[in-house]
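I set out to look up how the parts of this structure meet. My entries follow the structure below.

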Amino acid sequence: MILIKKMTPARCVAWLVLITMLVVTLFPLLFVAKTSFVPAGELYTTSTQLLPDNPTLSNYKKIFGLLSTEESIAAGGSGANINITTSMINSVIFTGIIVIVQTFNCALAAYAFARIPFYGSKLLFGAFVASMMIPSVVTLIPNFVLMRDLGLLNSMLGMVAPFFLMHGFAVFFLRQFFISLPKDIEEAAQLDGANSFMIFFKIALPLSWAPLMTVATLTTINMWNEFLWPFLIATDDSMKTLPVALQSFKSQTPQGQPDWGGLMAATVVATIPTIIMLFFFGRRIVESVQFTGGK
Amino acid sequence: MKIQRLTFTSLAIAVSASAAHAVEIKYVLWDSNQLPAYQQCATDFSAKHPNISVKITQSGWDDYWTALSTGFVSGTAPDVFTDHLAKYPEFVKNNQLVDLSSYIERDKLDPSIYTDGLYEVWGKDGKQFGLPKDWDTIAMIVNMDMAEKAGVTLDELNFMTWNPQDGGSFEQIVRKLTLDKNGNNATSDKFDPNNVAVYGYQNPGAGGMLGQTEWSHFAASNGFKFQDKPWGSQFYYDDKSLADTLDYITGLAKQGLSADFKNTQSLGSDSMFIAGKAAIIPQGSWMITYFDNNVKSKYHWVPLPKGPSGKRATMFNGLADSIWSGSQHKEEAWQWVKYLGSADCQSVVASKGVVFPAIKGMAEKAVGAQMQRNIDSSAFLTMSQSETYLPPIAKNGARIDSTMESAIQSILLGKESAQEALSDANKKVLRYSK
Amino acid sequence: MPFMSRKMKNSLFGYLFIFPALIGFLLFYAWPAGRAVGISFTDWNLLSEPYYVGLDNYVDMLEDDQFWNGLKLSAYYVLLNIPLQVMLGLFLAVAMDRLTKSLFVKAAILLPYLLSNVLVALVWLWMLDPILGIVNSLVSFFGLTPQAYLGDPDQALVSVAAINIWRHMGLCAMLFLAGLQTIPKYLYESASLEGVTEFQMFRKITLPLLRPVMVFVLVTSVTGSFQIFDTIAVTTAGGPLDSTRVIVYYIVQNAFSFYKMGYASAMSVTLCMIMLAYTLLQMHIMRASESDLN
Amino acid sequence: MANITLKNVTKRFDKLETIHSVNLELCDGEFVVFVGPSGCGKSTLLRLIAGLEEITEGVIEIGDKNMNNIAPANRGVAMVFQSYALYPHMSVRENMSFGMEMRGESKENIHTRITKASHILQLDELLDRKPRQLSGGQRQRVAIGRAIVREPDVFLFDEPLSNLDAELRVDMRIQIAQLHKKLKATMIYVTHDQVEAMTLADKIVVLRAGHIEQVGSPMELYHNPNNMFVAGFIGSPKMNFLPALISDIEADNSVIVAFNGQKILFKIQSDKLSIGDPVTLGFRPEHIHLAKQEDGFHFDITVDVAEHLGGISYLYSRFENNNMTIEVSGENVLTSGDVLSVGIKQSDCYLFDQAGKTLIERVLPNR
C-alpha cells in the first residue's frame, strides 16, 4: 500500500532531501566507528579515508583495560587507568536513580501545576520554568559547597542530588501533557471518592505512559552524557561515571592531542547501551514522544 | 539496642581504619604519560613511610584546573598537586599554597641540586611555594624522509640560523621542504603557493602571553624580553623585536611556506606533522614520547635556529609540586613533596624517559634512557644550555593571556598590523598587571 | 476536613505534590541563583572573602566591549541556530509523516542526540579540520573550494551552529512528528478535496495546529542555545579572534579563568533576566498552553 | 431523603459571573431536567450540585444538609458525563468497582452490586472488556452502570446522550426513564434537547444566561410559558411569533388585540398596557388549522417549503414578512408557492407584551 503511493515530483524531491539528510546524519557516526578501528600510527594519514587500512581491535582492548599501561602508551594511548566496566555500572546506577526519581517527582509537580488550583501555583510554575534559564555556571559553586557541607562528596547521593529532585524541562513538558488529559475522567474519579493522590496514581499516571517515557528517555540520554557534576563530585576512581572516565582520553598534556582511537572506541561502547535501549523499546520510545494523549 | 550496636560498629571501623591506613595524601597531575613514573615513586615512598599512603589522580589539563579551583573553594582540594608557573601567582595571592621555606630550612634541603633557575622561579619575597620536579625546553622536530628527499642534511638542520628579514638558512631549508601539488618546492619559480601539499614549517598557533612553542624563541633570539623581572609589572609586548618576529611568521603563511593560521586550529600542527603535511614544527620536550609513538616516518629533533643575537634561545619552563594550604596533613604532604623533589624519585622519572627531571644531571640520564628506546632527544639538552628565559610571571595571568591571544590571532589572520595590535594589547596588559 | 475551604485543601495537596520538586528547586536553583545575585554585588575571586562593591560590576559590565560582543554573538548564534534547526526538524517530521513509517529512519535521525555534546564537538573538530579533515577532502572531491570552518573568524560561529543543528535536528523532528500525529487526518482530507496544495496545507493547517509543540521547542531550544558552551569550549575556545566568545563562554571564562566570580555573576544575572523576558514574551505571543484542537 | 435546595447560588469564574443567585427546590425522587441553550449555565449548575465546582455564594442542600463544604464523593451523588469519562486503562468491571474500592467496600458487596447493575444494563458479557473495545451505546451503559453501583441518592446526567446516534438516543432515553422508575432516586438531567426534556422530566428547569426562566412540569411549560423564551424553547417545531397591536382597553382590563385587520378580546390582568402598544401573538404550529376558525384569527400564508413526513407535513411558510411553520396532519399535496388560508382558535393563542412576558393564563386541559 505504502509503496504504491504515487511518486509526484514533489515527493521525489522530498525523498531526495530526506535521504541526503539521513546520509549527513549517519556519516559522522560511521566516521566514529571507523576511527575506533584505526591503529594509533595511522590516525592522521587515514583521516580522509572512509575505511581503515589496517583495522585493529587494540583501541577496544585498551578501554577494557586489556592492555597494560606501558602497552597502552606504546599503542599511542594515554595509558590512563580506564576501567570502562566499572564506570559503565556507575553510569547505569547514576542515570537510573535520576531518571526514575526525577521523572516521578516532576510528574507529581507537573500534575499539581496542571490540575490543582493551589495558592501560588502560577508563580511557582513560572519559577520552575525559569530555572531552566539559570546558566549552570551560576549554580555550580554554591551547589558544590552545599554537597561538601552535607558530606556528600564522593557519594552517589551527592552525584544525583542536583538532578533527581526536579528539572524544569520535565515539569514543563509533563504539565503540557497533563493539561491535555480529559478533565472529566479525573472528575469521575473525584466523584468516585478518590483524592488527588489516588487520582494521580490510579488515573493520571497510567494514562501518561507515553509522555513519561519521553521525559525518561530524554533524561536518560542527558544524564548518561552528564560530565561536569559527576566529575567534580566523584573523584574516586570507583565512583566515576562513563563520561568522566572517557575524559582521560582527552587532552592529557596542555597541548596534547586526544587519544582519538581510544576516544572513538569508548564512544562506540558508551553509545551502545543507549542504542540498545532505542532498539529494545524501539517503537515505544520513538513514538512515545507525544504531546497529547487520551484521545 | 540497635543504636548502641551501630555506634559500636562504627567505632570499631574507625579504630581499625586509623590503625591500618594511617594518613592518605591525595596527589594530582595532568600528564598521563607521567603517571606510571609517579605511581612507582608513590609505591617506593610508601615502602619508606608505612604510615603514609599516596593516592594519585590524573585528569586532563582543562579539567585539572577546574577541579582544583572548585577544590580550593570547597575545601576539598588535594594535599599536593603539580603546579604550573602560569597558574601559581593567583594561588599565592589568595594564600592557597603552603610556604615551604621553613620545612626546607628544617630539613636542610639544598636547592642548588636543581638545575639553575628552576628553584628560584617558585619563590617570592623569601617564601617558597613549590619544589621543582622537571623542566622543559623547545626544539624542532623534522621529518627526515622529507629532508633527505629535498637534499637537506642533518648537519644543516642542526645549525640553522634565522633572522626576521630573509629568514636565514632556516627559511632556505623550509623552502626546500615545501612542496606544491605538482612536486615543485618553494625555491622553484613554478611553485604554486595556493596548492601546497607539504608545508616546510608550521607555526602551531598564537600562543597567548607565552608563545612558548610559537614565537617566543624566535623573538628572544631577536632581542625580545617579556617583562622587567618575574612578578614585575612592566611588559614589553609592544617591542619591535616581537612585531618583526610575528610579521615574519605571518609572512611564511602568505608565501605558502606554512599553512594559514585559520587552517591549523582544529587538529593543529602536531597532527599535520604526523600526517606528513608539515616537514618541520617546533615542540616542547614533554611531547617526545607522544611523537615517538605516533610518527611513522623517520624523524629527528633538532635545536632551534640561532637568531640575530647570534644565539639560540628557548623558554625554560619548569613544573613544581605545591602543597595546598588547606591540607589537613601538611607534614605528611611535605614528606611526599620532599620525596618527589629528591634524587630517589627523580631518577625513577628519568629512567622512564618521559620528561627531564629538575635535579642536575638527571636530564642526561633521561636522554640516555630515551637513547635506549632509539629516541635522540639531545637537542633539548642543547637548548637548555643555550640562552634560556623564563615564562613571564604576573598576577592576572589569565586575562593577560586572553588579551595577547586575541591580539596575536588578529596579526596571524592578517587583520591588523603587528606593531599596531601589539601596542594596543600591551596597554591593556600593563593595566592588568598593575 | 469540614472546616477547611476547598482552596486551602487544594493548596495542601498542591504543596504535597510539588514538595520534592520544590525542595530541589529551592536547594539547587533558587538558593544558588539568589546567591549569584548577592555575589554580583561583590568582588570575589573564589579563594578569598568577597567584599561588597555595590553596583560596580554592573557598571563595568555596561562598559565592557567583550560583554556586549558576547551578547551579540549569543543572539546571532540563536538567530542562526534556531530557525535552521526548527525548519530542518519540521521538514524531517513532515517528510517522515508523509513519506515513511520506517522505524529505522526515526532511530537514525535520533542517533546523533545519543552522543554527548563534548563527543559530538570532538568528532566534528576532527572532521572539519581544514587540512586533515574528511569534510574538506569531500569538498575538494566535488570540485568546491575547501574552507577553514572553525578556524575562520567569519565561519566559526556558523560551524558551531551547524554542529549543534546536526545533534539536535533529530530530537526536534521527533517532537514535531509527535505533534503532527495529533492533528486529525480528516483536516487534510477535507483540504485536499477543496484542491488545497500540499504547501498551503502545511501553512494553513499544519503550522497553526503545531503551535503548542512549536512553543515548547522554541522555548527549550532557544534557552538551550543561549547557554551554548561545551561545543565552543572544545572546538574554538572562544576564538578565532573572539568570533565565538558567546556570553556564557565569557561568563565561564571570567568565573574560572579570571576568578572574577562577582563579575561573572553580574553577567549571569543579566543573562537570566534577558532569557526570562524572552520566554515570557514568547509564551505571551504564542499563547503557550492553548491548542486549537481542544 | 434526597430533596435538593439551592439558595441564592452564585458562581463566578474570576470576575465573570455565570450563575446569578439561583433559587431552586427539587423534591426527593423527582426527575428534573435542566434545559437551555448552550452557555446558559445548566452544566455549571449541575457541577455545582456535584461539587466539582465550588459555589461562590449561597447554599446547596441535599437532604436538608448543607453541602457547601462537602467533598463531591461524600454528597451521595453519582454523575454520568457527556464523554462518559470511563477510565480508559481499566476494564468495565474495574471501572464500576473503582469507586467502591475507594470507599473500602467489601469484595462480596462490590461483586453483588456489579452483578446487579450489569444485569439491569445487560453488561454481563462486557465486564472484562476495556472501554475502547466498546461501542458508543455500550460505553454509555457502562457509564450509567458505574453510577448505579454507587447507589447514590442523586443521579446527575450531563448531556449523556449527545454523543449517540438518533436511534440509540431514543433507546437510551427509554432505558433511563425505566431506570428512574426502578431506582426511585432523584435524577437531574442536563440537556439542550427539548424533546428529551419533555419526555423524561417530572420537572423542567429552563435556564438562560445563568438565570432560571421557569420551573414546572412539561405540560405547564408547554401551555403556560412565562415568557417568549420559554415558549420558544419548549415545543417542536418552534412556536410562531407574530406582531400585533393593542387597539382598545376595556374597563375590566381586558384588551382588544388587532391582528391582520381582525380584533379579538383577550382577558388579561394587567393595567400596564395602553392603547397602541405592540404585543406579540404566539401560535404553535400544531394549533394552526387549514380553515378559518369560528373563534379566532385567520390569515393567508404562502408556502415556501413543504416537508411531507407521511403522517404529518410541515409547511414552512410566510405571512407578510414573518416566517410561519404549520403542522398539517394527514396526507396532502401542498407544495411550494401555494397560498393557503389558515385559522387559529383564540384559546390556542399565546400573548406576550413588549418585554416578552406572557399576558394570559391558559387553562390546562383536564384529563
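**Entry 1: chain B against chain C**

I looked up the contact (heavy atoms within 4.5 Å) and found 29 residues from chain B and 28 residues from chain C. I noted that this is a predicted model, in which local features need pLDDT of at least 70, side-chain atom pairs count only at pLDDT 80 or more, and totals for chains, interfaces and linings use all residues. Residues are numbered from 1 along each chain as its sequence is written, chains are lettered from A and ligands numbered from 1 in the order in which they are written, and side-chain values use heavy atoms, with hydrogens and water left out.

I read a buried area of about 2500 Å² between chain B and chain C, 65% of it given by carbon and sulfur atoms; buried area is the accessible area (1.4 Å probe) that two parts lose on being put together, summed over both. Of the area that chain B buries against chain C, B:Ser266, B:Leu267 and B:Arg399 supply 23%, more than any other three residues.

I then searched this interface for salt bridges (a side-chain nitrogen of Lys or Arg within 4 Å of a carboxyl oxygen of Asp or Glu) and recorded 1. C:Asp152 and B:Lys262 meet in a salt bridge through their side chains, at 3.6 Å, N to O.

**Entry 2: the domains of chain B**

I noted domain 1 (11-136 + 317-360) and domain 2 (138-315 + 392-432) of chain B, with bounds from an automatic or database domain assignment. Their C-alpha centres lie 33 Å apart. Between these two domains I found a buried area of about 1300 Å² and 0 salt bridges.
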